[in-house]
Amino acid sequence: QVQLVESGGGLVQPGGSLRLSCAASGNFFSLATMRWYRLAPGKQRELVALITDTGITDYADSVKGRFTISRDNAENTVYLQMGSLEPEDSAVYSCNADFIDRDTLRWLDSWGQGTQVTVSS
């Protein structure tokens with residue numbers, strides 16, 4: 001299994017920036033695609049950004065040009081740099097990762113517990 005632990009959330013004013021981190025640990029061979037999702041009250045969960053193991057990225061239209069996803073494969077960590085934050089970005093942000101389980105050699109995925117981001121003046 002893989003444990004994903006997010007950090008970096010908090011309260012920020014509109015127009016501000018935050019950097020989220022998600023560190024993976026556990027019994028896996030490698031991490032493949034890693035993703036950031038967010039869930040706001042009364043809304044459906046939204047895929048915010050993803051990055052493949054080769055560095056290919058994709059973003060939701062709502063965050064293009066404002067958010068940047070990156071990863072450090074040596075540290076098994078994915079980041080989400082968020083800028084020009086808006087109140088509408090307020091949500092619980094969770095990371096998700098595909099991985100090969102070392103024991104079963106199966107492709108599995110894991111979720112973090114989430115970190116709250118609140119954009120408010």
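Leu105 sits in the loop between β9 and β10 (107-111). Strands here, like helices, are DSSP runs numbered from the N terminus (E, at least two residues, for strands; H or I, at least four, for helices). With a relative accessible area of 58%, Leu105 is exposed; the cut-offs are over 50% for exposed, under 20% for buried, and partly exposed in between, using a 1.4 Å probe and protein chains only. Its backbone stands out too: phi of Leu105 is near 60°, a positive value in a residue other than glycine. Most residues other than glycine have a negative phi.

A quick note on what you're looking at: this is a predicted model, where local features need pLDDT of at least 70, side-chain atom pairs count only at pLDDT 80 or more, and totals for chains, interfaces and linings use all residues. Residues are numbered from 1 along each chain as its sequence is written, and side-chain values use heavy atoms, with hydrogens and water left out.

Asn76 has a positive phi as well, near 50°. You'll find Asn76 in the loop between β7 and β8, and it counts as partly exposed because its relative accessibility is 25%.

| Residue | Relative accessibility | Class |
|---|---|---|
| Arg66 | 15% | buried |
| Asn76 | 25% | partly exposed |
| Ser30 | 32% | partly exposed |
| Leu105 | 58% | exposed |

Now for Arg66, which is in the loop between β6 (57-59) and β7 (67-72). Setting aside neighbours within four places in sequence, Arg66 is in contact (heavy atoms within 4.5 Å) with Gln81, Met82, Gly83, Ser84, Leu85, Glu86 and Asp89.

Ser30 belongs to strand β4 (residues 28-39). Leaving out neighbours within four places in sequence, Ser30 has contacts with Asp98, Phe99 and Ile100. Asp72 is 42 residues away from Ser30 along the chain, and their C-alpha atoms are separated by 12 Å.

What about the inside? The largest nonpolar core has 31 residues, and those with the most contacts inside it are Trp36, Leu80, Met82 and Tyr93. Such a core is a set of buried Ala, Val, Leu, Ile, Met, Phe, Trp, Tyr and Cys residues joined through side-chain atoms within 4.5 Å. At least two residues of this core come from each of β1 (2-7), β3 (18-26), β4, β5 (46-51), β7, β8 (77-82), β9 (91-101) and β11 (115-119). β9 gives the most, with five residues.

Leu80 touches, among others, Leu18, Trp36, Val48, Phe67, Ile69 and Tyr93, not counting residues up to four places away in sequence.
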